[in-house]
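Please look over the sequence and the structure shown here before reading the briefing. It is written for someone meeting this kind of description for the first time.

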Amino acid sequence: MKIITCIKQVPDSEAKVTAQDGQVSWGESPLVINPFDEYAVEAALQQKDNGDFTVTALCIGPESAKEALKHALAMGADEAILVSDPALENLDSQGAARVLASAIQKIGDGKLVIFGRQTLDNGAGVTAAQTARVLGWPLLSFTGKLELNGEGVRVERVIEEGKQTVSAKLPAVMSVIQNIGEPRYPSFMGIRKASKANIPVWTLADLGMTAPATAVRRIELMNPPARDAQCEIISGDSPEEIAEILVEKILAEKVL
Amino acid sequence: MKTCVYIDHFKGEVVQASWEALGAAKSFGEAAAIVLGSGIEGLVKSAFEFGADEVLAADDASLADFRPETYASTLSAILADSSPALVLLPSTSRTREVAAMSAIDLNSGVLTDVTGLELDGESVLATRPIYEGKLFEKTTCAARPQFVTLRARAFPRPSPEAGRSGSVRNYPAAGRALTTVEGYAAGEMGVSLVDAGVIAAGGRGVSNNPSLGLDEAETAKKGFELLGELAGVLGGAVGASRAVVDAGFIPYAHQVGQTGKVVAPDLYIAAGISGAIQHIVGIRSAKLVVAINKDAEAPIFQAARYGVVGDLFTFVPALTAAFKKKLGK
């Protein structure tokens, strides 16, 4: 039985990301596996540690995204698949969900599909729900703990209002949050194995589909409004005096 | 232009940003509120009071627990019948699911976490943060209806008008639930960081203060009590950095930043928070940031308008007292 983790490659979270000539620029910073997706890989590997599963990492992206897949392999995933096609350049989340659903069907024998809670780049966090919808499988989002039991899965979800225990039959789609546990570091052996791995590349033709229609389109990219960077350090003879000055200043800003 | 607004609620408690979405819709013309659930008369009444011109409701026992499949199918059926150009939803864990799934059903797109809206005819131009708020993009959706989720506190909340009412159109529940809700444990009450007007937040400096002669857990307990008193005077909530949440000193519900909540308070007071980039991205939308830190070189000061270099354990109580005095409490 297979657990499939869907990952994406994004600029490192430390990168200085700017808009340049209408394009996103991240300078010399590396592209890495989306940090939230490392939790997805970790969640899958925890199930592999305890049961009879193999873990497949799946990614849509250019050839260079193989590096993100190699990270998942180095952590302990058994196989990796890249979906890459020039026709996918302007993919939106619903298009991504349709492509991922086709790839998941082609991989076959998937019992559980695990996503990170969102990506660092677009950040919409809707692809897991949309993939579940296309597949017609149950969705268990914001999962912090999971327990597989034969034909089903029971999870603890963390939502705004508290924690919920939810169960569903397999196969299912889930998104995980950091409560799942810190992602393991790639082992030395894992890195060696990953560096030699042959990662198959599937095109849309391999999936028997054409490029999904794009509904969402970016029309402008903007840097955030420049912030008044000057910080005024308040000083005084005593904490009480500083506090009084600070309160005056805060109230004068009229934000409260 | 006719807009539909999805009223999000958890067990009958409305997410207040739903009313902000209703206010935004009204600025474009007629607004119909969509209310799904079981025993929802109170919610329907509130929707009219907050400005709905019409309510499209599905009141059914099968909708008692929120399950994404049934809620999305019911929403899709209502939208297919009423065919609005635009659907606005508050941005929450639930709407992420229903908007996402309904967009698949209706072959359209979702624009999430939107902070600014303009209209170009019947096409919406939505501004939303991307790359953790390092950039913004203006996006459109070519298909209909356009699903747009609005970030809390980005749009003004209308005032309710008591006794206002209108007509209700009832719809049946649709779809088949694929999950079972077995249990629920309420989170800590009063922690609604995304709705908070003021947040007093603590970081490593709250637990790491050897001069008190206490162990770290006791130090953190004391520190968060002080921040709780400050937040209390200002009617606000207590936030925290990832470091103190990971150390187990305060629950995850309080965490601000990339892996916690993105917040937009009027005033954010960061005490003993060094200001890692992952924290800063979570507070970019705060109107005013005040930083308190022993280390004058802490990066948090670069994100703050006002700073105080000092020990939060002596300064926070002084600040609480000064606010009390000034606000006459």
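What follows is a briefing on a predicted model, grouped by topic.

The model is described here through chain A, with 6 helices and 15 strands, and chain B, with 9 helices and 18 strands. The two chains touch, in that 68 residues of chain B are in contact with 66 residues of chain A.

**The two chains**

- Chain A has 256 residues, of which 48% are buried, and its C-alpha atoms fill a box of roughly 70 × 45 × 40 Å when this is taken along the principal axes.
- Chain B has 329 residues, of which 57% count as buried, and its C-alpha trace spans about 65 × 40 × 40 Å along its principal axes.
- For chain B the radius of gyration is 22 Å, which is close to the 20 Å given by the globule rule for 329 residues, so chain B is as compact as a globular protein of that length.
- Among the contacts in chain A between residues at least 6 apart in sequence, 67% join residues at least 24 apart, and the corresponding share for chain B is 66%.

**Where the chains meet**

**Two pairs of packed helices**

- In chain A, helix α3 (residues 93-107) packs against helix α4 (residues 127-135) at an angle of about 55 degrees, and their axes are 8 Å apart.
- The helices α3(A) and α4(A) are therefore oblique to each other, and their crossing is right-handed.
- From α3(A), the residues A:S93, A:Q94, A:A96, A:A97, A:R98, A:L100, A:A101 and A:I104 take part, and they meet A:T127, A:Q130, A:T131, A:V134 and A:L135 of α4(A).
- This contact of α3(A) with α4(A) has 7 nonpolar, 5 polar and 1 charged residues.
- In chain B, helix α6 (residues 216-233) and helix α9 (residues 312-326) have axes that come within 9 Å and cross at roughly 20 degrees, which makes α6(B) roughly parallel to α9(B).
- The crossing of α6(B) with α9(B) is left-handed, and the residues that make the contact are B:G223, B:L226, B:L227, B:E229, B:L230 and B:V233 of α6(B), with B:L312, B:F313, B:V316, B:P317, B:L319, B:T320, B:F323 and B:K324 of α9(B).
- By class, the contact of α6(B) with α9(B) has 10 nonpolar, 2 polar and 2 charged residues.

**A mostly covered helix in chain A**

- Helix α2 (residues 66-75) of chain A has 9 of its 10 residues buried, and these are A:K66, A:A68, A:L69, A:K70, A:H71, A:A72, A:L73, A:A74 and A:M75.
- After α2(A) comes A:G76, which has a positive phi, near 140 degrees.

**Backbone details in the loops**

- A:D109 is not a glycine, yet has a positive phi of about 60 degrees, and A:D109 is found in the loop between α3 and β8 (110-116) of chain A.
- Is A:D109 buried or exposed? With 10 other C-beta atoms within 10 Å, A:D109 is exposed, because a residue with 12 or fewer counts as such.
- B:N107, also not a glycine, has a positive phi of about 60 degrees and lies in the loop between α4 and β7 of chain B, where B:N107 counts as exposed with 12 C-beta neighbours inside 10 Å.
- The peptide bond from A:L170 to A:P171 is cis, with omega near 0 degrees, and A:P171 is found in the loop between β11 (162-169) and β12 (172-176) of chain A.
- In chain B, the peptide bond from B:R144 to B:P145 is cis, with omega near -10 degrees, and B:P145 is found in the loop between β10 and β11 (146-150).
- A:N198, in the loop between α5 (188-196) and β13 (201-202) of chain A, is exposed, with 6 other C-beta atoms within 10 Å.
- The C-alpha atoms of A:N198 and A:G144 are separated by 32 Å, and these residues are 54 residues apart along the chain.

Technical notes. Residues numbered from 1 in each chain as written. Chains lettered and ligands numbered in written order. Predicted model: local features only at pLDDT ≥ 70, side-chain atom pairs only at ≥ 80, totals over all residues. Axes fitted to C-alpha atoms, helices over the stretch in contact; angles between N-to-C directions. Helix = DSSP H or I, 4+ residues; strand = E, 2+ residues; numbered from the N terminus. Parallel < 35°, antiparallel > 145°, perpendicular 65-115°, else oblique. Left-handed = near helix turned anticlockwise from the far one by under 90°. Contact = placed C-beta atoms within 7 Å. Nonpolar A, V, L, I, M, F, W, Y, C, P; charged D, E, K, R; others polar. Buried ≥ 20, exposed ≤ 12 C-beta atoms within 10 Å, placed from the backbone. Rg over C-alpha atoms; globule rule 2.2 N^0.38 Å.
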